[in-house]
Amino acid sequence: FLIAYATVKELAPSLDLSKECQVSLPKGRSARINFGKLTVLDETYNSSPEAVLAALNLLSFQKGRHFAVLGKMLELGSHSVSMHRMVAERAAKLHLEGLIIVASAEEAQVMRDAAIGIPHVEVVTTPELAAVPLNRWLRPKDVVLIKGSRAIGMEKLLPLLPVF
């Protein structure tokens, strides 16, 4: 979309595209939702290592305390453990206030171990269970990133978030 837009602007700079250009993304992609004074970055549609790293970077530029709820990334094969470790290490470097890991087994443990310096870290087995620690930790003006593979169903967490 951006390449096409830039091309048209270059070839026809006087053409006003602002009324014709609208982008519709599937639910759960690049959505910013306000729950009163709580901001949620809804990236629940799907996940990959590159997408999680980009979303964490986006989170780090938001005003407020930063929290992430990260579901397991599927279909990574033999790289699964190392990719999950890399994601948690990035979260730690970005000085998140809290991290909830929605996963089980080896990926959850490696993420917990790599989340050094994050004050609040929890591992849960379902997106719905992530609401319990979030409801204890969150305050008005906080920002929460929610991201995970499609099959995990991270969108189930959204209706359980507090509204301030």
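Phenylalanine 67 is buried, with a relative accessible area of 0%. Here, buried means under 20% relative accessible area, exposed means over 50%, and partly exposed lies in between (1.4 Å probe, protein chains only). The model is predicted, so local features need pLDDT of at least 70 and side-chain atom pairs count only at pLDDT 80 or more, while totals for chains, interfaces and linings use all residues. Residues are numbered from 1 along each chain as its sequence is written, and side-chain values use heavy atoms, with hydrogens and water left out.

The structure holds one aromatic pair. In this pair, the ring centres of phenylalanine 67 and tryptophan 137 are 6.2 Å apart and the ring planes meet at 25 degrees, so the pair is stacked. Rings of Phe, Tyr and Trp (its six-membered ring) pair if their centres lie within 6.5 Å; planes under 30 degrees apart count as stacked, over 60 as edge-to-face and the rest as tilted. Because phenylalanine 67 lies in strand E3 (residues 66-71) and tryptophan 137 in helix H5 (residues 131-137), the pair ties together parts that are 70 residues apart in sequence. Tryptophan 137 also counts as buried, at 10% relative accessibility.

## Overall architecture

The protein chain contains five helices and six strands. Helices (H or I, at least four residues) and strands (E, at least two) are DSSP runs, numbered from the N terminus. Read from the N terminus on, the elements follow the order α-β-β-α-β-α-β-α-β-α-β.

The C-alpha trace of the protein chain spans about 55 × 40 × 25 Å along its principal axes. Of its 164 residues, 44% count as buried. The accessible surface comes to about 9100 Å², and 56% of this belongs to carbon and sulfur atoms. Accessible areas come from the Shrake-Rupley method with a 1.4 Å probe; for residues, only the protein chains shown count as cover. Among the contacts in the protein chain with a separation of 6 or more, 65% are between residues 24 or more positions apart. A contact means heavy atoms within 4.5 Å.

## Helices H2 and H3

The axes of helix H2 (residues 49-60) and helix H3 (residues 80-93) come within 10 Å and cross at roughly 5 degrees. That angle makes H2 roughly parallel to H3. Axes are lines fitted to C-alpha atoms, for helices over the stretch in contact, and angles run from 0 to 180 degrees between N-to-C directions. Angles under 35 degrees count as roughly parallel, over 145 as roughly antiparallel, 65 to 115 as roughly perpendicular and the rest as oblique.

On the H2 side, the contact is made by Pro49, Val52, Leu53, Leu56 and Asn57, and on the H3 side by Met83, Met86, Val87, Arg90 and Ala91. These residues divide into eight nonpolar, one polar and one charged. In this scheme Ala, Val, Leu, Ile, Met, Phe, Trp, Tyr, Cys and Pro count as nonpolar, Asp, Glu, Lys and Arg as charged, and the others, Gly among them, as polar.

Leucine 76 lies in the loop between E3 and H3 and is buried, with a relative accessible area of 19%. Leaving aside neighbours within four places in sequence, leucine 76 is in contact with Pro49, Met83 and His84. The C-alpha atoms of leucine 76 and proline 49 are separated by 9.0 Å, although the two residues are 27 residues apart along the chain.

## Buried residues in a loop and a strand

Alanine 130 is located in the loop between strand E5 (120-124) and H5, and at 0% relative accessibility it counts as buried. Not counting residues up to four places away in sequence, alanine 130 touches Val69, Ile100, Val102, Val124 and Leu157. Alanine 130 and leucine 157 are 27 residues apart in sequence and 7.1 Å apart in space, C-alpha to C-alpha.

Threonine 39 lies in strand E2 (residues 38-43) and counts as buried at 11% relative accessibility. The residues that threonine 39 touches, not counting those up to four places away in sequence, are Arg32, Ile33, Asn34, Asp142, Val143 and Val144.

## Exposed and partly exposed residues

Alanine 105 belongs to helix H4 (residues 105-114) and is exposed, with a relative accessible area of 61%. Its phi is near 65 degrees, a positive value in a residue other than glycine. Lysine 141, in the loop between H5 and strand E6 (143-147), has a positive phi of about 80 degrees although it is not a glycine. Lysine 141 is exposed, with a relative accessible area of 61%.

Glycine 64 is found in the loop between H2 and E3 and is partly exposed, with a relative accessible area of 39%. Glycine 64 and valine 143 are 79 residues apart in sequence and 6.1 Å apart in space, C-alpha to C-alpha.
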